[in-house]
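Biologist: I would like a close look at one part of this model, followed by its surroundings. Please keep it brisk.

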Amino acid sequence: MRLSQLLFVTLREDPAEAEIPSHKLLLRAGYIRRIGSGIYAYLPLMWRVLQKISAITREEMNAAGANECLLPQLQPADLWKESGRWDTYTKAEGIMFSLQDRQERELGLGPTHEEVITAIARDTIRSYRQLPVNLYQIQTKFRDEIRPRFGLMRGREFIMKDAYSFNVDENCLEKTYRAMDTAYRNIFSRCGLAFRAVEADSGAIGGSASQEFMVLADAGEDEVLYTADGRYAANVEKAVSRPADAVDSPFGRFERRETPNTDSIGSLATFLDCSPTAIVKNVLYEAIYDTGLVLPVLVSIRGDREVNEVKLQNELTRTAAARGAKTILSLKIPDAETAARWLSRPLPFGYLGPDVGDDFLKKDPAIAPKFERIADKTVIELKNFVTGANETGFHVVGANWGKEFPLPDRVVDLDKARPGDRAVHDPEQFLESARGIEVGHIFQLGYKYSRAMGANYTNEAGESVPLCMGCYGIGISRLAQAAVEQSHDKDGIIWPVAIAPYQAIVVIPNLADPEQVRVAETLYTELNRAGIETLLDDRDERAGVKFKDADLIGIPYRVVTGKSLKSGKVEVVERASKKAEEVPIDGVIDRLRAAISR
């Protein structure tokens with residue numbers, strides 16, 4: 001392709017809307033164009049990148065035995081109501097674009113396709129002889145992000161590869177899951193990315209296990225915790241750890257003490273001259289179920305630790321059915337004004353104890369009659385601890401579970417792991433932190449959707465049993481930007497060769513020099529004929545502009561027909577290292593072939 005024939009406009013300044021390097025560079029280099037909030041057009045160079053990523057993805061998915069299909073983007077609400085996710089996606093998370101047709105039927109624009117593919121399986125899979133089967137598609141998805149940002153990282157319209165497997169049982173699913181794990185590692189390696197596979201939270205998708213694939217980059221939205229021995233890595237939302245050992249409490253006798261102006265852990269520890277690890281902190285949350293029920297939740301956790309709200313939401317969702325609900329619409333720490341809506345009288349915030357009375361709650365059918373009391377594992381072994389006395393300006397010291405306070409019925413892991421914590425698998429290993437951009441996610445769904453939607457098959461014993469499912473996603477457009485975020489410099493993008501829009505660019509420094517033009521035209525033709533995808537910068541621009549643009553758009557190799565032509569050579573510059581060398585004209589093809597195949 002000749003640049004003179006390409007829609008090619010570059011910018012010298014960073015666009016005001018762009019916040020992170022990859023977003024700035026893709027806009028400046030003319031790869032994408034903003035059409036609206038979270039909505040971008042993929043211009044010709046970007047489309048070539050996306051096609052290459054898609055091709056690599058197709059090759060690896062096909063090699064793993066998956067079958068490509070194309071599912072409808074417009075999805076009936078009835079399917080989502082069958083699975084119980086309609087309210088979650090339109091109200092709780094609120095990320096689904098929903099609409100009504102002229103017959104007033106509710107529809108959604110697909111953010112994902114579990115319901116659609118399960119409905120297809122329900123109608124088409126009858127026997128174990130048809131299993132396992134894995135279907136995938138590469139398609140535009142839609143999500144109504146509250147705050148679209150960072151370009152293609154968090155947009156409202158994006159390209160995704162999503163796959164769904166149907167298996168006879170958990171053992172069969174595990175084999176498919178491992179095959180997808182291998183395929184994903186191959187995809188990201190072939191795309192030239194440095195990545196890490198980490199344990200992850202399953203979120204609204206659900207399922208028993210999941211794993212994210214993170215492209216490591218400083219601007220990543222996700223925090224990854226890992227150990228240097230390579231045996232553990234997890235998203236901070238999912239991570240577990242061994243907190244530091246608690247320091248013994250200095251209080252040997254239970255008593256109530258006046259503790260003025262100590263509504264924070266730091267001020268309380270200073271006032272009492274004790275370690276935060278000897279304090280039981282009681283954090284109040286407001287959970288609202290899809291039924292409208294308000295549930296006040298009191299979490300008891302060690303004073304030096306923080307509540308992992310993702311783990312808390314998962315725990316409350318797990319037990320939602322006991323309250324006649326399916327999901328949590330909202331979970332937050334309420335301010336005094338919010339809490340006043342369901343309190344009969346003001347609570348002593350900052351001084352709450354594990355035994356705060358249920359009589360603080362209004363008697364109202366829309367409000368749970370009792371606090372949901374949950375203890376984190378960090379508090380169950382504490383002796384003679386400090387905690388709130390349920391009165392402003394007062395705490396108790398020397399308290400114990402089973403004596404002064406009953407241990408809450410539910411003791412679960414709600415602790416937020418953090419860098420420096422000891423690893424669970426080896427206390428000699430300590431968690432380290434890195435930033436990552438999630439580009440892939442694989443889930444073991446199990447029976448969540450098949451049971452809810454009645455997708456069954458007949459097993460070898462002639463019994464009708466639910467299909468065992470998995471799902472596997474890759475953000476194609478996000479992966480493209482993640483590659484830029486990981487690999488760029490002050491001059492522009494540095495594309496990995498495998499996904500670069502073109503592998504080489506031939507630059508004519510001076511269009512008025514017939515010899516430069518002739519050699520450039522010949523090289524351009526011969527390189528493309530040899531299978532080396534090549535651009536020709538034949539624009540009527542100054543040489544400096546052309547060189548800057550070549551660096552900005554990140555083509556891996558630049559061939560310059562300049563002064564070295566006098567000695568029968570051209571200059572070949574590697575974009576990543578900026579190493580330049582003079583190569584005989586008739587040796588350029590072999591030189592680039594060798595470089596590209598590395």
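Which residue in β19 is the bridge partner of Arg 256?

Modeller: Val 396 is the bridge partner of Arg 256. Keep in mind that this is a predicted model.

β13 and β19 (residues 394–399) pair in the antiparallel sense, over four bridges. They belong to an open sheet of three strands, in the order β13-β19-β18, with antiparallel pairing. β13 (255–258) and β18 (385–391) stand at the edges; each has a single partner strand, so one side of each has no neighbour in the sheet. On average, neighbouring strands here are turned by 35° against each other, direction ignored.

Now another antiparallel pair. Strand β1 (residues 32–36) is joined to strand β2 (residues 39–42) by four bridges. Gly 36 has Ile 39 in β2 as its bridge partner. Two residues lie between the strands of this hairpin, and Gly 38 takes a positive phi near 70°.

Next, the helices. α1 packs against helix α11 (residues 476–486) at an angle of about 105°, and the axes are 8 Å apart. That angle falls within 65 to 115 degrees, which makes α1 roughly perpendicular to α11. From α1, the contact uses Pro 21, Ser 22, His 23, Leu 25 and Leu 26; from α11, Gln 481, Val 484 and Glu 485. By class, this contact has four nonpolar, three polar and one charged residues.

α2 packs against helix α6 (residues 170–190) at about 150°, with axes 9 Å apart. The angle is over 145 degrees, and the two helices are therefore roughly antiparallel. Their crossing is right-handed. On the α2 side are Ile 56, Thr 57, Glu 59, Glu 60 and Met 61; they meet Met 180, Ala 183, Tyr 184, Asn 186, Ile 187 and Arg 190 in α6. By class, that contact has six nonpolar, two polar and three charged residues.

The buried residues of α13 (residues 543–553) are Val 545, Lys 546, Asp 549, Ala 550, Asp 551, Leu 552 and Ile 553. Their cover includes α1 (21–28) and α2 (44–63). Strands take part as well, among them β26 (492–493), β27 (504–507), β28 (534–537) and β29 (557–560). After α13 comes Gly 554, with a positive phi near 80°.

Note on methods. Residues are numbered from 1 along each chain as its sequence is written. This is a predicted model: local features need pLDDT of at least 70, side-chain atom pairs count only at pLDDT 80 or more; totals for chains, interfaces and linings use all residues. Side-chain values use heavy atoms; hydrogens and water are left out. Buried means under 20% relative accessible area, exposed over 50%, partly exposed in between (1.4 Å probe, protein chains only). Contact means heavy atoms within 4.5 Å. Axes are lines fitted to C-alpha atoms, for helices over the stretch in contact, and angles run from 0 to 180 degrees between N-to-C directions. Angles under 35 degrees count as roughly parallel, over 145 as roughly antiparallel, 65 to 115 as roughly perpendicular and the rest as oblique. Ala, Val, Leu, Ile, Met, Phe, Trp, Tyr, Cys and Pro count as nonpolar, Asp, Glu, Lys and Arg as charged, and the others, Gly among them, as polar. Two strands pair if DSSP finds at least two bridges between them. A crossing is left-handed if the near helix is turned anticlockwise from the far one by less than a right angle, and right-handed if clockwise.
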